[in-house]
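Open the model in your viewer and show it as a cartoon. Keep the sequence panel beside it. We will go stop by stop.

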Amino acid sequence: MSHIKRSGTNAILSTAVEYHGFVFLAGITADDLNKDIAGQTAEVIAKIDAALEEHGTDNTRILSAQIWLKDIRDRDAMNVLWVKWLPAGAQPARACVEANMASPRHLVEIMVTACK
């Protein structure tokens with residue numbers, strides 16, 4: 001039986017779960033909710049990088065991404081940072097939708113699945 005590695009675990013969720021060479025991240029949000037969409041996106045991307053690194057992978061190995069925006073009109077501003085962050089040729093399958101967020105101050109949440 002394969003080992004399941006969990007990190008960032010609390011009573012509700014794990015930030016990351018690794019199984020059979022795949023790394024599944026929870027929806028990642030910014031900690032500083034005073035930031036605008038660009039600031040929150042930059043923070044989320046940095047947190048994704050750290051979680052992937054902890055599990056021995058990186059953004060070149062992302063297979064899929066789900067992005068939730070409080071306001072879909074922020075999509076272009078978020079995409080500026082997204083495109084800069086992703087290496088050429090490493091674009092994952094992706095969905096980006098407008099959604100009610102857990103807190104009205106959250107502007108973006110991103111969930112990714114990567115392989116090692």
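Select I62 and look across to β6: the bridge partner of I62 there is A114. This is a predicted model, in which local features need pLDDT of at least 70, side-chain atom pairs count only at pLDDT 80 or more, and totals for chains, interfaces and linings use all residues. Residues are numbered from 1 along each chain as its sequence is written, and side-chain values use heavy atoms, with hydrogens and water left out.

Now select residues 62–69, which form strand β4. Strands here are DSSP runs of E with at least two residues, helices are runs of H or I with at least four, and both are numbered from the N terminus. β4 and β6 pair in the antiparallel sense, over 7 bridges. Two strands pair if DSSP finds at least two bridges between them. Click A65 next: V112 in β6 stands opposite.

Which strand pairs with β4 in the parallel sense? Strand β5 does, over 6 bridges. Select L69 to find one of the links: its bridge partner in β5 is E98.

Turn the model and check.

Zoom out to the sheet. It is open, has 6 strands and mixed pairing, and runs in the order β1-β2-β3-β6-β4-β5. Which strands stand at the edges? They are β1 (5–7) and β5 (93–98). Each has a single partner strand, so one side of each is left without a neighbour in the sheet. On average, neighbouring strands are turned by 10 degrees against each other, direction ignored.

Select residues 37–54 for helix α1. Helix α1 packs on the sheet and touches β1, β3, β4 and β6. The direction of α1 makes about 25 degrees with that of β6. Axes are lines fitted to C-alpha atoms, for helices over the stretch in contact, and angles run from 0 to 180 degrees between N-to-C directions.

Go to M111 in strand β6, residues 108–115. Buried means under 20% relative accessible area, exposed over 50%, and partly exposed in between (1.4 Å probe, protein chains only). Leaving aside neighbours within four places in sequence, M111 is in contact (heavy atoms within 4.5 Å) with residues including L25, S64 and W68.

Next comes F24, in strand β3, residues 22–25. With neighbours within four places in sequence left aside, its contacts are T15, A16, V17, V112 and T113. Show the side chain of F22 as well. The ring centres of F22 and F24 are 6.3 Å apart and the planes are at 35 degrees, so the pair is tilted. Rings of Phe, Tyr and Trp (its six-membered ring) pair if their centres lie within 6.5 Å; planes under 30 degrees apart count as stacked, over 60 as edge-to-face and the rest as tilted. The whole structure has 2 aromatic pairs. F22 is partly exposed at 35%, and F24 is partly exposed at 40%.

Last stop: the cysteines. C96 is buried at 18% relative accessible area, and C115 is buried at 15%. How many disulfides does the structure hold? The count is 0, where a disulfide is a pair of cysteine sulfur atoms within 2.5 Å.
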